[in-house]
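The stops below are meant to be taken in order.

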Amino acid sequence: MIPGGATQSCPCGGLPAGATLATCCGPFVTRETWPPTPETLMRSRYTAYAVGNPDHVFRTWHPETRPAEVDLDSSVEWIGLRVVEVSGDDVEGVVEFTARWRSGAGSAGQSGAMSERSTFVRRAGRWFYRDGVAPSD
Ligand SMILES: [Zn+2]
C-alpha cells in the first residue's frame, strides 16, 4: 500500500475517473497484482512515474526493449494523464495518451506535455510495454 493511497485520487486520473490510488494503480505499483489490460498497465506505469517508483516501470517493460536500468528524473512532476485511444486484441494493444508535466518552481518553472502511442504485448499471460512512437497527427 502506498501511504495515503486510500484517500488520494489516483495520479492517472482514475479508472473509473476519480478512483483512489488504492483502488486503481496502487495494487499494480506495489506488486499485489499485475495490470489485466494494456490500458491499466499504461496507467500504472504513468502512476509509477508520478509516485517515483522506477521498479514498476522496469518490470512492466518488455525484456527485449527495456533499458538496463530505469532512472526517473525526480525534478519532473507528472501532473495529469489523458488516455486518448485504446485499441488492440488479446495479444497486442495500443494506447495513445498525453501526459502533462512540470519542473522547477516560480518563474524558473517549466511545463509541457508528451504524447505517445504505446504498444503493449502479452507474454506468458502478462502485458508488457514494448515501445512507443509519437502520434502521427
Ligand atoms: Zn490509476
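Through how many residues does a hairpin join β1 to β2? The hairpin between β1 and β2 has three residues. Before selecting more, note that this is a predicted model, in which local features need pLDDT of at least 70 and side-chain atom pairs count only at pLDDT 80 or more, while totals for chains, interfaces and linings use all residues. Residues are numbered from 1 along each chain as its sequence is written, and side-chain values use heavy atoms, with hydrogens and water left out.

**The sheet**

Select the four strands, which form an open sheet in the order β1-β2-β3-β4 with antiparallel pairing. Its edge strands are β1 (76-88) and β4 (126-133), each of which pairs on one side only. On average, neighbouring strands in this sheet are turned by 30° against each other, direction ignored. Strands here are DSSP runs of E with at least two residues, helices are runs of H or I with at least four, and both are numbered from the N terminus. Two strands pair if DSSP finds at least two bridges between them.

Next, select β1 together with β2 (residues 92-103): 11 bridges join these antiparallel strands. Within this pair, R82 stands opposite T98 in β2, and G80 stands opposite R100 in β2. Keep R100 selected and turn to β3, where A113 stands opposite R100. The antiparallel strands β2 and β3 are joined by 12 bridges. Their hairpin has six residues between the strands, and G104 takes a positive phi near 75° there.

**The helix across the sheet**

**The largest pocket**

Which residues lie nearest the centre of the largest pocket? Select R45, Y49, F97, M114 and E116, which are among the 13 residues of its lining. At least two lining residues come from each of α2, β2 and β3. By class, the lining has 10 nonpolar, one polar and two charged residues. About 240 Å³ of space lies in this pocket. A pocket is an open set of points on a 1 Å grid over the protein atoms alone, where a 1.4 Å probe fits, with protein on both sides within 12 Å along at least five of seven lines; lining residues have an atom within 4 Å of a point.

**Backbone details**

Most residues other than glycine have a negative phi, and most peptide bonds are trans. Select L15 and P16: a cis peptide bond joins them, with omega about 0°. P16 is in the segment before α1 (26-29).

Move on to R31, in the loop between α1 and α2. Its phi is near 70°, a positive value in a residue other than glycine. Is R31 buried or exposed? R31 counts as exposed because its relative accessibility is 62%; exposed means over 50% relative accessible area, buried under 20%, and partly exposed in between (1.4 Å probe, protein chains only).

Finish at A124, in the loop between β3 and β4. A124 is not a glycine, although it has a positive phi of about 50°. At 82% relative accessibility, A124 also counts as exposed.

Conventions. Axes are lines fitted to C-alpha atoms, for helices over the stretch in contact, and angles run from 0 to 180 degrees between N-to-C directions. Grid points are joined across faces, edges and corners, and a volume is the space filled by probe spheres set on the points. Ala, Val, Leu, Ile, Met, Phe, Trp, Tyr, Cys and Pro count as nonpolar, Asp, Glu, Lys and Arg as charged, and the others, Gly among them, as polar.
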